[in-house]
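This briefing is meant for a reader who is meeting the structure for the first time. Please look over the sequence and the model before going on to the notes below.

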Amino acid sequence: MTTPEPGNNTMGAACALSAILCFSFVDLGIKLLSEGYALHQVVFLRSLVSLSVFLLVILPLGGGWPALRTGRPGAHLLRGAFIVCANVCLFLGLAALPIADAVAIFFVSPLAIAVMSVIFLGETVGPRRWTAIILGLAGVLLIVQPGTEAFQAASLLPMLSALLYGAMHMVTRRVRTTESATTMTFYVILTFMISSAIIGLLIGDGRFAGGAHPALEFLLRAWAPPSRGDIWIIVMLGVAGVTGSWLISQAYRLSEAAFAAPFEYVAMPISIFWGVAFFDTWPQLNAWAGIVLIIGSGLYMLWRESAAAARPRYRR
């Protein structure tokens, strides 16, 4: 397997940005399907599509069947459990909150990842990176203000998702030198498929459904045949999900966790766009100031890393 080398932070950032674009499509699709289907059904069908894309495209390009061999099944199981639980919490939050609010609350995750990387991985986070992270978080606070509907009980779901997401990336950093992004992606898909199938068998008949809360109804609703139009959304979820999973695994293998994390803030302006285009939820003027801080913090870190990497290698 490839060992991370100095200068790979820039490539890791590019993978993170691409992954976040894929995940934004997943967020949109989940929001669109949350009123008509059960979460575990959507996740199971999405996983079938993801597995097909993985076997047909990613696996041949990622080393073939030998890439699926691993000597660390426990780490993959733990990583898969973290990401499945993180996704369930975020998806349930998307069902109950405006898409931009849910994504904004989720972005306590870069700070959580930065803190965890110092505690568990021994990585160094300098004052300039801390400043960029804090500015990004300040941008989130400008978008999600105290007293808005984002601060209802359902807002705890994306917060919990953020913590689980950070824990997943700690495992990724632990296994990055022995496990490829292809290997990690396969076991995440497998964990999603098995867990959603088990939940579907246990409660997929809808006997616990009927509650008024959107998140609970999304979790407990009975399975239903998808309409022709919704099948295409499920296909989009599967393709975007597996592509994003591979890219984000690659991002956190190549770069330091505290460096890659702030680039995920780009999901915030994308989610605002989805909210306006699909759900007619317009952001307030303060949101635009938040977007500037969010994007600016990520671009500043990318510029700093690129400049630092170029100095010892090129003389002008």
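The structure is a predicted model, and its chain holds 13 helices and zero strands. Of the 316 residues in the chain, 53% are buried.

**The chain as a whole**
- Read along the sequence, the pattern is α-α-α-α-α-α-α-α-α-α-α-α-α, in keeping with the count of 13 helices and zero strands.
- Among contacts between residues at least 6 apart in sequence, 87% join residues that lie at least 24 apart.
- The chain exposes about 14,400 Å², and carbon and sulfur atoms supply 70% of that area.

- Helix H5 covers residues 109–121, and its buried residues include Ser-109, Pro-110, Ala-112, Ile-113, Ala-114, Met-116 and Ser-117.
- On the surface, Leu-111, Val-115, Val-118, Ile-119 and Phe-120 form a nonpolar patch, which together has about 420 Å² of accessible area.
- Phe-120, a member of this patch, is found in helix H5, and it counts as partly exposed because its relative accessibility is 48%, a value that lies between the limits of 20% and 50%.
- Just after H5, Gly-122 takes a positive phi of about 70°.

**A charged pair**
- Side chains of opposite charge can pair when their charged atoms come close.
- Arg-207 forms a salt bridge with Asp-205, with the closest N and O atoms 2.8 Å apart, and the count for the model comes to one salt bridge.

Methods:
Residues numbered from 1 in each chain as written. Predicted model: local features only at pLDDT ≥ 70, side-chain atom pairs only at ≥ 80, totals over all residues. Heavy atoms only, no water. Salt bridge = Lys/Arg side-chain N within 4 Å of Asp/Glu carboxyl O. Buried < 20%, exposed > 50% of the residue type's maximum accessible area, 1.4 Å probe, protein only. Helix = DSSP H or I, 4+ residues; strand = E, 2+ residues; numbered from the N terminus. Patch = residues over 30% accessible without salt bridge, like charges linked within 9 Å, V, L, I, M, F, W, Y side chains within 5 Å. Areas by Shrake-Rupley, 256 points an atom, 1.4 Å probe, with all protein chains shown as cover. Contact = heavy atoms within 4.5 Å.
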